[in-house]
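Here is a short briefing for a first look at this structure. Keep the sequence and the model in view as you read.

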Amino acid sequence: MPTDPLPDLAEDFVPFATAALDFHRAINLPAGPAAAPRAELDSLHAHLTALYGLLDAHTARTTPVVEAEGDHLRACRIRMWQAAEHLHAAFHAAPRPGTGRPATREACRARLPEGAPELSVCQRHLTTSAQVRRDHTPADLRDPFTGLIRH
């Protein structure tokens with residue numbers, strides 16, 4: 001069955017984003033041990049949630065046409081969300097600006113809000129998590145990756 005040709009695509013910006021990340025790592029990360037700054041973790045979280053959205057769009061378009069590829073993209077999308085959850089947790093575990101110390105155990109247990117602008121990562125995370133909850137079951141999100149899918 002013939003398919004309609006794809007429309008001309010805009011410039012592919014994904015390779016530029018990849019190159020920018022590689023360049024950033026090469027010039028900005030010190031060789032010695034150092035805690036990742038919260039601003040960096042926030043930026044990485046924004047990057048992963050954007051990648052989740054891109055993978056979501058590809059998954060929705062691909063699955064009806066090539067189911068096996070769609071399954072792989074869906075698995076990738078789930079793992080991207082899991083990585084974003086870990087980055088969100090790392091952000092809150094990172095040393096606080098001003099004090100240079102992580103939050104106390106009591107503050108973590110009480111889940112005390114930090115206020116703006118630190119909550120931008122939380123707002124982004126909650127916005128994306130609403131979409132994730134619509135698209136995936138809790139079992140999908142907690143299942144360890146085995147590499148096995150239906151096809």
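**Charges, rings and core**

At 39% relative accessibility, Asp 22 counts as partly exposed, because it falls between the 20% limit for buried and the 50% limit for exposed. The model is predicted. Its salt bridges come to three. A search of the whole structure finds one aromatic pair.

- Asp 22 forms a salt bridge with Arg 25, and the closest N and O atoms are 3.7 Å apart.
- Both residues lie in helix H1, which covers residues 14-28.
- Asp 22 and Arg 25 are three residues apart, about one turn of the helix.

- Arg 124 forms a salt bridge with Asp 42, with 2.7 Å between the closest N and O atoms.
- This pair links distant parts of the chain, with Arg 124 in helix H5 and Asp 42 in helix H2, 82 residues apart.
- Arg 124 is partly exposed, at 21% relative accessible area.
- Asp 42 has a relative accessible area of 17%, so it is buried.
- Leaving aside neighbours within four places in sequence, Asp 42 is in contact with Phe 91, Ser 120, Val 121 and Arg 124.
- Phe 91 also has a charge over its ring: Arg 38 lies over the face, at 4.1 Å from the ring centre.

- Arg 77 forms a salt bridge with Asp 56, and their closest N and O atoms are 2.4 Å apart.
- Arg 77 belongs to helix H3 and Asp 56 to helix H2; the pair links parts of the chain 21 residues apart.
- Arg 77 is buried, at 6% relative accessible area.
- Asp 56 is buried too, at 16%.

**The aromatic pair**
- The rings of Tyr 52 and Trp 81 have their centres 6.3 Å apart.
- Their planes meet at 65°, so the pair is edge-to-face.
- Tyr 52 sits in helix H2 and Trp 81 in helix H3, 29 residues apart.
- Tyr 52 and Trp 81 are both buried.

**The largest nonpolar core**
- This core has 16 residues.
- Those touching the most other members are Leu 41, Leu 48, Tyr 52, Met 80, Trp 81, Val 132 and Leu 141.
- Helix H2 (38-62), helix H3 (67-93) and helix H5 (120-135) each give two or more residues to the core.
- H3 gives the most, with seven residues.

How values were computed:
Residues are numbered from 1 along each chain as its sequence is written. This is a predicted model: local features need pLDDT of at least 70, side-chain atom pairs count only at pLDDT 80 or more; totals for chains, interfaces and linings use all residues. Side-chain values use heavy atoms; hydrogens and water are left out. A nonpolar core is a set of buried Ala, Val, Leu, Ile, Met, Phe, Trp, Tyr and Cys residues joined through side-chain atoms within 4.5 Å. Buried means under 20% relative accessible area, exposed over 50%, partly exposed in between (1.4 Å probe, protein chains only). Helices (H or I, at least four residues) and strands (E, at least two) are DSSP runs, numbered from the N terminus. Contact means heavy atoms within 4.5 Å. Rings of Phe, Tyr and Trp (its six-membered ring) pair if their centres lie within 6.5 Å; planes under 30 degrees apart count as stacked, over 60 as edge-to-face and the rest as tilted. A charge sits over a ring if NZ of Lys or CZ of Arg is within 6 Å of the ring centre and within 35 degrees of the ring normal. A salt bridge is a side-chain nitrogen of Lys or Arg within 4 Å of a carboxyl oxygen of Asp or Glu.
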